[in-house]
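I opened this model to look up a few things.

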Amino acid sequence: MLTVENLHRHFGAFRAVNGASLTVERGSITGLIGPNGAGKSTLFNVIAGRLPPTSGRVTMDGQDITGLPPHALFHRGLLRTFQIAHEFGSMTVRENLMMVPAQQAGESLLNTWFRRGRIRAEEKALRRKADEVLEFLTISHIADEKAANISGGQKKLVELGRTMMVDAKIVFLDEVGAGVNRTLLNTIGDAIMRLNRERGYTFCVIEHDMDFIGRLCDPVIVMAQGEVLAQGRPDAIMQDEAVIEAYLGT
Ligand code: ADP
Ligand code: MG
């Protein structure tokens, strides 16, 4: 579904991504792991149109999407989750979800902000959709909470919910589990699995928790120093000597 060919992203002389090549198969939940500073987030940012590459190519369904801006990728169903901007913290969780289609379509933050006042009159359908999404994620009970007041794990679920507001096809998740307790991490894992099985979402997931990766992801891609070191089934990857070495440092 997605291929990355010989991708480079340099910052000055530093090669954060240094000739990475990989593929994400349609229908997979692909894991991306690697030590801190391996270039995982930079790779995601290049794929998702947040950072231009220094060189290399990204294709989706055979079409060149290298360097396309986020809203153009959104129209193809490619999304990277992003944190709830603090400007939206005073809005409810449901309202945050209702904003997503406009935001993702490339409307300015200011326009989206003004839209807040028009939501009620305008968009019954959006509200119904938001409520469906919250129910799917088992967080209907926080629909009317202000986004600033929910827990870190609940925020992660809402981030996932945002991808459902626009029926994404392929979703990039960066450290879903960071700072999230075990119970919520399981809820997030279940939601990812159900989105994959029931809605046909393809995922590429960066996460440090090996338990989470092992339970959810196949294949797993390992990055170190800007390059792809290994790719394979999670059990094989975790016994791979080059991978163990990369984690222990040499
Ligand atoms: P990971 O997500 O695997 O931990 P990152 O992609 O965030 O790694 O970072 C890879 C390397 O690139 C790090 O050494 C980081 O300091 C560097 N880096 C990331 N973004 C920038 C930037 N905007 N300017 C300079 N260096 C950066
Ligand atoms: Mg990172």
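I began with P219, which sits in the loop between α9 (210-216) and β9 (220-224). The model is predicted, so I kept that in mind throughout. I then checked the peptide bond that joins D218 and P219. It is cis, with omega at about 5°.

Next I looked up D61. Its phi is positive, about 50°, although D61 is not a glycine. Where does D61 lie? I found it in the loop between β4 (55-60) and β5 (63-64).

**Ligand 1**

I listed the residues around ligand 1. They are F11, F14, A16, P35, N36, G37, A38, G39, K40, S41 and T42. By class, I noted 5 nonpolar, 5 polar and 1 charged residues in this shell.

Then I went through the contacts to oxygen atoms of the ligand. For K40, a side-chain N or O atom is 2.8 Å from an oxygen atom of ligand 1. For S41, the side chain again supplies the N or O atom, and the distance to a ligand oxygen is 2.9 Å. A38 uses its backbone: an N or O atom there lies 3.1 Å from an oxygen atom of ligand 1.

How much of ligand 1 does the protein cover? On its own, ligand 1 has 560 Å² of accessible area, and the protein covers 58% of that.

I also asked which elements give two or more residues to the shell. These are β2 (14-24) and α1 (40-47). The largest share comes from α1, with 3 residues.

**Helix packing**

I took the pair α6 and α7 first. Helix α6 spans residues 124-136 and helix α7 spans residues 152-165. Their axes come within 10 Å and cross at roughly 135°. Angles over 145 degrees would count as roughly antiparallel. At this angle α6 and α7 are therefore oblique to each other. I recorded the handedness of their crossing as right-handed.

Then I turned to α7 and α8. Helix α8 covers residues 182-199. What angle do α7 and α8 make? They pack at about 15°, with their axes 9 Å apart. The cut-off for roughly parallel is under 35 degrees. So I logged α7 and α8 as roughly parallel to each other. The crossing in which α7 passes α8 is right-handed.

**Entry to keep**

For ligand 1, I have side-chain contacts from K40 and S41, plus the backbone contact from A38.

Key
Residues are numbered from 1 along each chain as its sequence is written. Chains are lettered from A and ligands numbered from 1 in the order in which they are written. This is a predicted model: local features need pLDDT of at least 70, side-chain atom pairs count only at pLDDT 80 or more; totals for chains, interfaces and linings use all residues. Side-chain values use heavy atoms; hydrogens and water are left out. A residue is near a molecule or strand if one of its heavy atoms lies within 4 Å of it. A polar contact is a pair of N or O atoms within 3.5 Å; within protein, one must be able to donate a hydrogen and the other to accept it, and residues adjacent in sequence count only if both atoms are side-chain atoms. Accessible areas come from the Shrake-Rupley method with a 1.4 Å probe; for residues, only the protein chains shown count as cover. Helices (H or I, at least four residues) and strands (E, at least two) are DSSP runs, numbered from the N terminus. Ala, Val, Leu, Ile, Met, Phe, Trp, Tyr, Cys and Pro count as nonpolar, Asp, Glu, Lys and Arg as charged, and the others, Gly among them, as polar. Axes are lines fitted to C-alpha atoms, for helices over the stretch in contact, and angles run from 0 to 180 degrees between N-to-C directions. Angles under 35 degrees count as roughly parallel, over 145 as roughly antiparallel, 65 to 115 as roughly perpendicular and the rest as oblique. A crossing is left-handed if the near helix is turned anticlockwise from the far one by less than a right angle, and right-handed if clockwise.
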